[in-house]
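Please look over the structure shown here before reading the briefing that follows, which moves from the core to the pockets and cavities.

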Amino acid sequence: MDTVVAEIEQRLEGYDDHVEVAVLGCAVNGIGEASHADFGITGAKNEGLIFAHGKPLRKVPQERLVDELFVEIDRSLKIGRTEFDQGKSAEGAAWLERIEEENAGELTPERIAKLEAEAVRAENGEVELPQAKKLRLDEAASPTEGRRFTRA
C-alpha cells in the first residue's frame, strides 16, 4: 500500500486542481469509509474498484488500478464532473457485494454504514425494512418512568 500511496501522491502533484483520493486496502470498507473523497481505490483478490463520491465507477484488474484511477480523474477534470456509466457502476457494485458476502461474518464499518443508510431511508418512507422499524416504548411501563431526560 505504501508504494501505491506514494505513486498517487506523486502523480497528484502534477495537478493544479485539488483532488482528494482515498486509498483503502479493504474492499468491504472502502467506499463507506471514503465517501467524502473525490475519488478512491480499493482492491481484493487481484481486482480493484475505482469509486467517486462514494459510488462505484468501475472494476479493473489490480495491476491497472492506479493508471485507470488517473484516467477517471483526467476525464472528470476535463468535463467538469464525474460521469458514471450505469453498466460499469453496476458491475463494480456487484463485485463489491460479492466481496462483502465472502466476509459476511464480519460486522464491518461498511456494513454498519449500509444498515444505517437503509434505516434512514426507511424512516423517510423510501424503503420498507422490517429491521429498521423503531420500537416505541410505553413510558408508563418503564422502570425509569418520569426519570428520563433530554439534552438541549
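How many residues has the largest nonpolar core, and which of them have the most contacts inside it? The largest nonpolar core has 15 residues, and those with the most contacts inside it are Ile8, Val21, Phe39, Leu69 and Ile73. The structure is a predicted model, in which local features need pLDDT of at least 70 and side-chain atom pairs count only at pLDDT 80 or more, while totals for chains, interfaces and linings use all residues. Residues are numbered from 1 along each chain as its sequence is written, and side-chain values use heavy atoms, with hydrogens and water left out.

**Overall fold**
- The protein has five helices and four strands, where helices (H or I, at least four residues) and strands (E, at least two) are DSSP runs numbered from the N terminus.
- Along the sequence, these elements follow the pattern α-β-α-β-β-β-α-α-α.
- Of the 152 residues in the protein, 32% are buried, that is, under 20% relative accessible area with a 1.4 Å probe and protein chains only.

**Nonpolar cores**
- A nonpolar core is a set of buried Ala, Val, Leu, Ile, Met, Phe, Trp, Tyr and Cys residues joined through side-chain atoms within 4.5 Å.
- The largest nonpolar core, with its 15 residues, draws at least two residues from each of helix H1 (2-12), S2, strand S3 (47-52), strand S4 (55-61) and H3, and the largest share, five residues, comes from H3.
- Leaving aside its neighbours within four places in sequence, Ile8 is in contact (heavy atoms within 4.5 Å) with Val21, Val23, Ile41, Val66, Leu69 and Phe70.
- Apart from this core lies another, of eleven residues, among them Ala22, Ala34, Ala37 and Ala44.

**Second largest pocket**
- About 150 Å³ of space lies in the second largest pocket, a pocket being an open set of points on a 1 Å grid over the protein atoms alone, with protein on both sides within 12 Å along at least five of seven lines.
- Its lining residues, which have an atom within 4 Å of a point, include Met1, Val4, Gln62 and Leu65.
- Strand S1 (21-24), strand S2 (39-44) and helix H3 (65-79) each supply at least two residues of this lining, and S2 gives the most, with three.

**Cavity**
- A search of the whole structure finds one cavity of 30 Å³ or more, a cavity being a set of grid points where a 1.4 Å probe fits but cannot get out.
- The largest cavity, with a volume of about 30 Å³, is lined by Glu72, Arg75, Ser76, Ile79, Arg81, Thr82 and Glu83.

Note on methods. Grid points are joined across faces, edges and corners, and a volume is the space filled by probe spheres set on the points. Buried means under 20% relative accessible area, exposed over 50%, partly exposed in between (1.4 Å probe, protein chains only).
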